[in-house]
Amino acid sequence: MKAIQICGYHQSGKTTTVKELVTRLKLGGNSVATIKDIHIEGFELDQPDNSNSYIHKKAGADLVVISAEKETDFLHYRSMEFLEIAHKISADWLVVEGFSDFPLPKIVCGKTEQEVDDLFDQRTIAISGVISQTHQEYRSLPVFNPMIPEQADALFKLVSDKIFPMLPYVDDKCCNLCGMTCSKMAAAIVQGEKTYDDCLINRTTVHLKIGDREIKIVPFVQTILKNNVLALVRELNGWEDGQPIEVTIERE
């Protein structure tokens, strides 16, 4: 899944940029998921007195699923970190509005140069939003007005060309196979100094799947899992060195 982050302050043009980008990604036949980070204190989508699902929540349900004619809504009644949310999503593209602290490649939206400067870093691929009314370029990057179709098309092309699948974003202390953190690797790929294939955890010989989703395993866990499985199967009839080993555990 490829992921792009749209970040900026209030009324800087983030949602318009998301809208135009998602529209164009869908025209290409992609499946697209979005995440919206909301900074309203005490915000709840499911409000008292307007839904039976709220009664389920107050009764103590941790998850309420609403099934209706035109949509299915999953309501988890707790806050989640970005990676926990992302791991629940299966799509070709993930467009994230907000979560500016999470190290994804990003488009920075702003009303002023100062707003752009506050969020600009080595992971920035482009600038968009209100500042496009006064700038065509800033900090050596193009500035796009997503409300102009030709510019929205150009932004879509840039995103299509530059964005890569999500890195595993494992804990910095658990990997470092490539010699840098996932955050620094993401910046290096955006800057053209590295490629996605330089992420060595993606070359793993040990694969773990839960359901249909492959779980990224940090190197030292790979080594433990591999050595323990090999120690067991080497004692079994039918063992052949160099052959792939597959273990499936079905839960009752």
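User: Before we start, what should I know about the model and its numbering?

Analyst: It's a predicted model, where local features need pLDDT of at least 70, side-chain atom pairs count only at pLDDT 80 or more, and totals for chains, interfaces and linings use all residues. Residues are numbered from 1 along each chain as its sequence is written, and side-chain values use heavy atoms, with hydrogens and water left out.

User: What makes Glu20 buried?

Analyst: Buried means under 20% relative accessible area, exposed means over 50%, and partly exposed is in between (1.4 Å probe, protein chains only). Glu20 has 17%, so buried it is. Arg24 gets that label too, at 12%.

User: How do you know that Glu20 and Arg24 form a salt bridge?

Analyst: The rule asks for a side-chain nitrogen of Lys or Arg within 4 Å of a carboxyl oxygen of Asp or Glu. For Glu20 and Arg24 the N to O distance is 2.8 Å, so the pair passes. They're 4 residues apart in α1, and therefore separated by about one helical turn. In general, an α-helix has 3.6 residues a turn, so residues three or four places apart point the same way. Glu20 also bridges to Lys19, and a network of salt bridges links Lys19, Glu20, Arg24 and Asp153.

User: What about Glu97 and Lys36: what makes them a salt bridge?

Analyst: Their closest N and O atoms are 2.7 Å apart, so they meet the cut-off. This pair links distant parts of the chain, with Glu97 in strand β5 and Lys36 in strand β2, 61 residues apart. Glu97 is buried at 6%, whereas Lys36, at 46%, is partly exposed.

User: How do you know that β7 and β9 pair?

Analyst: Two strands pair if DSSP finds at least two bridges between them. β7 (residues 124-128) and β9 (residues 141-144) have 2 bridges, so they qualify, in the parallel sense. Ile127 stands opposite Val143 in β9.
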